[in-house]
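Please look through the sequence and the model below before reading on.

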Amino acid sequence: MTELQTASVAKPWEGLEGRDRNAACMIAAQAGDRSAFDVLVAELSPLVWHVARSNGLDRTSAEDVVQTVWLALLRHLDRLTEPRALAGWLITTTRREARRVQTRGAGQIELSSEAAEQLPTTEPSPEHEVLRDERDRQLWSAFHQLTQRCQELLRLTVLAGRAEYRAVAEALHMPHGSIGPTRGRCLNSLRALYHGDSGS
Amino acid sequence: MRTHHADDELMTQVARLVNELDPMPPGLVERAQFAVAIDDIDDIEFEVARWADTRTLAGVRGGLPGTITFFVGDLTVMVNVTRTGERQRIDGWLVPAGAHGVEVRVAEHGSTTTTADEGGRFVLTEVPRGTTQLLVRMNAEQSRTVVTPTVDL
């Protein structure tokens, strides 16, 4: 039945943007349209990627988590009764999965969620080699000394600033172009770390 | 005093660094789309396995064969990959042991299936190289299916 419906008709998400587009894809995917699921994977994987990277995963583990999260969505597809909440579900699921991977890597030491949020990511960044100049290096190093929650917020702000990620902005209640008080504090921390670095 | 202009400027620099230095790897979307494109997946209850961390140490990432492990709940699967010319041989061991069905999907190459022996061992030969996913169908009484994220072999 689904095939008949979707064969000749325009896809229901065409022309839509942001959360409306995600929700239309979710509803179509729940009805069995696999191309709708592929659209979600194509358009929201960067969101999952940056949440995974903010939560202390290296690039290899983050790649696995992106796939794990999409498989988890497929598995729970019919249980997500609020299609408009997809971006929020992806963020929460990715954080949980990242924590699970890290707990395993750290010899099964359980971190409380508060402790994990406060934990700066200490991973040395191989990307340093391609940094153009010393100021970039210092800023990128300062960025990695921020709390995970700040790194996540700033990375998602970067995504939300792009038109195709309007759903991210909506999920995080981030109107385009605005810097809320929490992000202001994160930017202050970044500035302090950055200047501390360059002064030494 | 901090101004919005200063925040915007710093945010612009952060955006440039994030976009240039830590973009999503090329091909990840395609690998994720392949991972979810499993036949009849709508009709089965499945569990998502995790690769163990040893994979990176074994050097499998980057195309070098080695031993990799994945697990979910009480199930652990160890896989040893040996290059045989253009193709490869996969030796696996499932714990707890049992005659479980094993399917190896390789992107653009279809899939190969076999059944583990009572000791949980299985062998697949002449497996094409590429983006690879394993599925384990636990034997009848339990009717559990386990799927992995893909790995590039």
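**Hairpins, interface and salt bridges**

In chain B, β3(B) and β4(B) form a hairpin that has two residues between the strands, and B:Gly73 in the turn has a positive phi of about 55 degrees. The model is a predicted one, in which local features need pLDDT of at least 70 and side-chain atom pairs count only at pLDDT 80 or more, whereas totals for chains, interfaces and linings use all residues. Residues are numbered from 1 along each chain as its sequence is written, chains are lettered from A and ligands numbered from 1 in the order in which they are written, and side-chain values use heavy atoms, with hydrogens and water left out.

Strand β3 (residues 67-72) of chain B pairs with strand β4 (residues 75-84) of chain B in the antiparallel sense, over six bridges, where pairing requires that DSSP finds at least two bridges between two strands. Within this pair, B:Thr69 stands opposite B:Met78 of β4(B). On from there, β4(B) is joined by nine bridges to strand β5 (residues 87-95) of chain B, and these two strands also run antiparallel. B:Val81 stands opposite B:Ile90 in β5(B), and in the hairpin that β4(B) and β5(B) make, with two residues between the strands, B:Gly85 takes a positive phi near 65 degrees.

The contact between the chains involves 47 residues of chain A and 49 residues of chain B, contact meaning heavy atoms within 4.5 Å. About 4400 Å² is buried between chain A and chain B, and carbon and sulfur atoms give 60% of this area; buried area is the accessible area (1.4 Å probe) that two parts lose on being put together, summed over both. Across this interface the rule finds seven salt bridges, a salt bridge being a side-chain nitrogen of Lys or Arg within 4 Å of a carboxyl oxygen of Asp or Glu. One of the pairs between the chains is A:Arg53 with B:Asp22, whose side chains meet in a salt bridge at 2.7 Å, N to O. On the side of chain A that touches chain B, the largest share, twelve residues, comes from α4(A).

A second pair between the chains is A:Asp136 with B:Arg16, whose side chains meet in a salt bridge at 2.9 Å, N to O. This pair crosses from helix α7 of chain A to helix α1 (residues 4-21) of chain B. A:Asp136 is buried, with a relative accessible area of 5%, whereas B:Arg16 counts as partly exposed at 26%; buried means under 20% relative accessible area, exposed over 50%, and partly exposed in between (1.4 Å probe, protein chains only). Salt bridges that share partners also join A:Arg53, A:Arg59, A:Arg155 and B:Asp22 into one network.

Other salt bridges lie within chain A. In helix α5 of chain A, A:Glu97 and A:Arg100 are three residues apart and so are separated by about one helical turn, and their side chains meet in a salt bridge at 3.5 Å, N to O. A:Glu97 is buried, with a relative accessible area of 6%, while A:Arg100 is partly exposed at 45%. A:Glu134 likewise forms a salt bridge with A:Arg137, the closest N and O atoms being 3.1 Å apart. A search of the whole structure finds 19 salt bridges over all chains.

Technical notes
Helices (H or I, at least four residues) and strands (E, at least two) are DSSP runs, numbered from the N terminus.
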